[in-house]
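Try each task before reading its solution.

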Amino acid sequence: MRAGGRVHPRNEILGWVQEGRIAARELRKALEVGGALPSAGAWRQFLDRLLLFMGVLLVGAGVVFFLAYNWRELGRFAKFGLVELPLLGALAVLWRLGLDRPAGKATLLLAALLAGALLALVGQTYQTGADTFELFAAWAAAIVPWALVGRFPALWVLWLALVNLAVSLYFQAFHGFLGVALGPERQMWVLLAVNGTALIAWEITAGLRSRWAQRLVATGVAAIVTALAVVAIFDPRSTAWANSLAWLGWAAATYAAYRRLVQDLFMLALGALSVIVVSATFVAKLIELREPGSFLFMGLFVIALSAAAGYWLRRIAAREHT
Amino acid sequence: MSAAREALWQQLRGAGLVRGELPAQGEPRAPWYVRVMLGVAGWIGAVFLFFFVGAAFTFVMRSGAAALVVGLAACAGAAAIFRASRGEFAAQFALAVSLAGQAILVYGIAELLGHPSLRITALVVAVQQAVLFLVVPNFLHRVFTSWSALIALQFALTDYGLSAFAPALATAACAAIWLGEFDHAERAELLRSGGYGTALAAVQIAVIQGPLWYGLLLRHPRPGTQAIAWAGAAASAAVFLWMVGALLRREAVALGSEAGKRAIAGAVLLAALALKAPGIAPALVILIAGHANGNRVLAGLGIAALVAYLSYYYYSLEATLLEKSAVLAVTGIVLLAARLVLRKTLSA
């Protein structure tokens, strides 16, 4: 199974020009013939989509900004009306358009953003005494049904971002004073669990179509697990083995999943970078950077590792192409 | 996979653009994220090498002339390695050596000029990076040197109090390169690397403003005057309009035709928005250039830049949140209305 291994006319044609198979002055014509450049119809669709998403994004942002301004002069009813009316309007539009068209999905996204604005307004107006993390947790919980129905990646990414924010703010509120060493690490473990589960669920259900969301979440997972491993190297405690085990497990799982099951070079590149960072940290700690020679060694070590990683990844990319 | 390639080749042969059989798969270009990963690793290696030079040759760090010589030697050596070898290890090694050499060079020049003002140093760095961009034939290296040249220019402009013009400058450079990508196919690698470098710089300059750097680095807040800020925003909007016009000309779309009028109307709308939110212009230029050239990575960068700028816009101090929300909401509604008009006139 291959992911992202499509042929791109633009890259192929550019390669052929470089090899001299196509005359340089004919590059433009070749790209047009090969379908690499947008046609008039494609341009119209582009303009249409651009106006749609920019319009939706700006209106949603405008409402959020407006609430943040905290306009005290407005009465309670006016404030709620200004959020609830667009929300109801969006839902009505959604009813008419249905969820299959891009306009429908954009409206659902807008409605999700407005729902957050509404919750913020409720918390602010009624002084519920809720912490900020509760707002984000409530927001995430509120839009779960919509995300399930909408089934498009952007909305799920918004939901996951909200969950991450809720977790981070929770730890900030409750563990900020329990010591720096303990709080952040536990937070990292929870975030790792949340995002890792999301990634696995995404991979199982979504398949090979558009992979940007999975890659985004995977980048977060990679960052967290790498940070955990680096922390374990610098601060050897009894629990450090758990971090190292997690990192090794993640590296092995990434290799098995994205080399054998689904070919996704991006994930492998993430893994390679993590291996470089962790092993460099490990070696640096081992040789104790003091004399100049140790710096030279580290520099060469990193370069050699990255060269090996680059060679390995290019080999896989080449095999994917044949 | 090769079936699609074969089909593409046949298409081109039918148009008389190629002759003969489909060539064997050459060395494939690595995807952009692999190159980014290699670049990051090269950076880390360069930091270690820089510390090595600093620790091993303390005399280098004490004398400006010595630093200049060592830096030049490092950059020249790296350039030689790039030209001579195509291996992975050599390329990574040369990248790290060159980055370290550039840092040492800047240090040496600054020492020799007797700790000059920020603007002079920044201009010198910009020139140095521009020269390296032209001379050293490595893609990743060229992305870095073009990016750093523009960032250095931003620093120089900030020191003159003209930081508001930096986004327009970076956007113009980026647009000019991408619009001309297909006219200079012999210099393809140079143009593409410069295009990505300037695009990254344009996004960064739009989101992280000059005065912010100033305050962070030198603890000397130096905001420009209101008039200059307005002029800078107008310059960004003007660059955006110029880019749309140049693109229409490249695609041979008459300005008076239906498509031309629609494009101009949309562009004017968006340019008006850019007057109030200047960071929109670079993001849109990158997005449109990416779409026009069939470059999905570039288009994706444009979208990311739009989102990043919106986040920055929230915190910027040029206007109250109320005014900003009004600008956003009104513009959003106008755009949606324009889209409706567009669809009506098309289907009619």
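**Exercise 1: A loop residue**

Gln263(A) has a relative accessible area of 10%, so Gln263(A) is buried. The model it belongs to is predicted.

Task: Find where Gln263(A) lies, and how far it is from Ala317(A) in sequence and in space.

Solution. 
- Step 1. Locate the residue. Gln263(A) sits in the loop between α10 (240-261) and α11 of chain A.
- Step 2. Count along the chain. Gln263(A) and Ala317(A) are 54 residues apart in sequence.
- Step 3. Go through space. From C-alpha to C-alpha, the two are 9.5 Å apart.

**Exercise 2: Two packed helices**

Task: Decide whether α9(A) and α11(A) are roughly parallel or roughly antiparallel.

Solution. 
- Step 1. Take the angle. Helix α9 (residues 212-234) of chain A packs with α11(A) at about 10°.
- Step 2. Take the distance. Their axes are 10 Å apart.
- Step 3. Apply the cut-off. Angles under 35 degrees count as roughly parallel, so α9(A) and α11(A) are roughly parallel to each other.
- Step 4. Look at the contact. Among its residues are Ala222(A) and Ile233(A) of α9(A), and Leu270(A) and Phe282(A) of α11(A).
- Step 5. Sort the contact residues. They divide into 12 nonpolar, 5 polar and 2 charged.

**Exercise 3: Confidence**

Task: Find which helix of chain A has the highest confidence and which the lowest.

Solution. 
- Step 1. Start with the chain. Chain A averages a pLDDT of 80, and 90% of the residues score at least 70.
- Step 2. Compare helices. Confidence is highest in α11 (residues 265-287), at a mean of 90, and lowest in α1 (residues 9-19), at 79.
- Step 3. Check the start. Over residues 1-5 of chain A, pLDDT stays under 50.
- Step 4. Draw the lesson. Where pLDDT is low, the predicted coordinates should not be read in detail.

Conventions. Residues are numbered from 1 along each chain as its sequence is written. Chains are lettered from A and ligands numbered from 1 in the order in which they are written. This is a predicted model: local features need pLDDT of at least 70, side-chain atom pairs count only at pLDDT 80 or more; totals for chains, interfaces and linings use all residues. Side-chain values use heavy atoms; hydrogens and water are left out. pLDDT is the predictor's confidence in each residue, from 0 to 100. Helices (H or I, at least four residues) and strands (E, at least two) are DSSP runs, numbered from the N terminus. Contact means heavy atoms within 4.5 Å. Axes are lines fitted to C-alpha atoms, for helices over the stretch in contact, and angles run from 0 to 180 degrees between N-to-C directions. Angles under 35 degrees count as roughly parallel, over 145 as roughly antiparallel, 65 to 115 as roughly perpendicular and the rest as oblique. Ala, Val, Leu, Ile, Met, Phe, Trp, Tyr, Cys and Pro count as nonpolar, Asp, Glu, Lys and Arg as charged, and the others, Gly among them, as polar. Buried means under 20% relative accessible area, exposed over 50%, partly exposed in between (1.4 Å probe, protein chains only).
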